Amino acid sequence: VALAPKLLTWGDEEVAAAVRAVAESDLVVFASPTFKATYTGLLKLFLDQFAGGTGLAGVLAVPLMLGGSPAHSLAPVVHLEPVLVELGATTALPGLYLSDSTFGDDGVLETYVERWRPVVTTLTEARVPHPTR
């Protein structure tokens, strides 16, 4: 959120540093509240900073969205995952949709992490580095 106004102009060094940090990461959770059945404009503005096809190459990405109703439970897979793939990310893990009112207490996040930890470990150890690394 602190970068929000800076995302509207090109060439901001703080935004560029954030983009580099994400592009050089092994694993990134791209999280957003559900807004009108998809991710927020703020996340879109951030994702627009990455080059298409290669900007997230070598990054294992997990699409995660929070919402108030199970009616949008496919939003991470239907709306966010395709954008991450288009930017070059690997999305080998299933997207995750959490209830915004219970995710801190319901154990879903912890169960997801424990279930997929071995896969993340294997994929990050075997990953092909981003061309700029």
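**Close-up views of a predicted model**

**View 1. Thr-38 has its place in the loop between strand 1 and helix 2.** The structure is a predicted model in which local features need pLDDT of at least 70 and side-chain atom pairs count only at pLDDT 80 or more, while totals for chains, interfaces and linings use all residues. Residues are numbered from 1 along each chain as its sequence is written, and side-chain values use heavy atoms, with hydrogens and water left out. Helices (H or I, at least four residues) and strands (E, at least two) are DSSP runs numbered from the N terminus. With a relative accessible area of 22%, Thr-38 is partly exposed, a class that lies between buried (under 20%) and exposed (over 50%), for a 1.4 Å probe and protein chains only. Although Thr-38 and Pro-76 stand 38 residues apart along the chain, their C-alpha atoms are separated by 7.8 Å.

**View 2. Lys-36 and Ala-37 belong to the loop between strand 1 and helix 2.** Lys-36 is a residue other than glycine with a positive phi, near 55 degrees, and its relative accessibility of 71% makes it count as exposed. Ala-37, likewise not a glycine, has a positive phi of about 70 degrees, and at 26% relative accessibility this alanine counts as partly exposed.

**View 3. The largest pocket has a volume of about 200 Å³.** A pocket here is an open set of points on a 1 Å grid over the protein atoms alone, where a 1.4 Å probe fits, with protein on both sides within 12 Å along at least five of seven lines, and its lining residues have an atom within 4 Å of a point. The points are joined across faces, edges and corners, and the volume is the space filled by probe spheres set on them. Val-1, Ala-2, Leu-3, Ala-4, Leu-7, Ala-31, Ser-32, Pro-33, Thr-40, Leu-42, Leu-43 and Phe-46 line the largest pocket. By class the lining holds 10 nonpolar, 2 polar and no charged residues, where Ala, Val, Leu, Ile, Met, Phe, Trp, Tyr, Cys and Pro count as nonpolar, Asp, Glu, Lys and Arg as charged, and the others, Gly among them, as polar.

**View 4. The second largest pocket has a volume of about 170 Å³.** Its lining is made by Leu-27, Val-29, Val-62, Leu-64, Leu-93, Leu-96, Leu-109, Tyr-112, Val-113, Trp-116, Arg-117 and Val-120. Strand 1, strand 2 (60–67) and helix 4 (108–126) are the elements that give two or more residues to it, and helix 4 gives the most, with 6 residues. The residues of this lining divide into 11 nonpolar, no polar and 1 charged.

**View 5. The model has 2 aromatic pairs.** Rings of Phe, Tyr and Trp (its six-membered ring) pair if their centres lie within 6.5 Å, and planes under 30 degrees apart count as stacked, over 60 as edge-to-face and the rest as tilted. The pair of Phe-46 and Phe-50 is edge-to-face, with 5.4 Å from centre to centre and 80 degrees between the planes. The pair of Tyr-112 and Trp-116 is tilted, at 6.5 Å centre to centre and 45 degrees between the planes. Both Tyr-112 and Trp-116 lie in helix 4, where they are 4 residues apart, about one turn of the helix. Phe-46 is buried, at 14% relative accessible area, as is Phe-50 at 6%, and Tyr-112 counts as buried at 12% relative accessibility, as does Trp-116 at 19%.

**View 6. Arg-115 lies over the face of Trp-116, at 3.9 Å from the ring centre.** A charge sits over a ring if NZ of Lys or CZ of Arg is within 6 Å of the ring centre and within 35 degrees of the ring normal.

**View 7. The largest nonpolar core has 23 residues.** Such a core is a set of buried Ala, Val, Leu, Ile, Met, Phe, Trp, Tyr and Cys residues joined through side-chain atoms within 4.5 Å. The residues with the most contacts inside this largest core are Val-22, Phe-30, Leu-47, Phe-50, Leu-56, Leu-80 and Leu-84. At least two residues of the core come from each of helix 1 (13–23), strand 1, helix 2, strand 2 and helix 3 (75–86), and helix 1 supplies the largest share, 4 residues.
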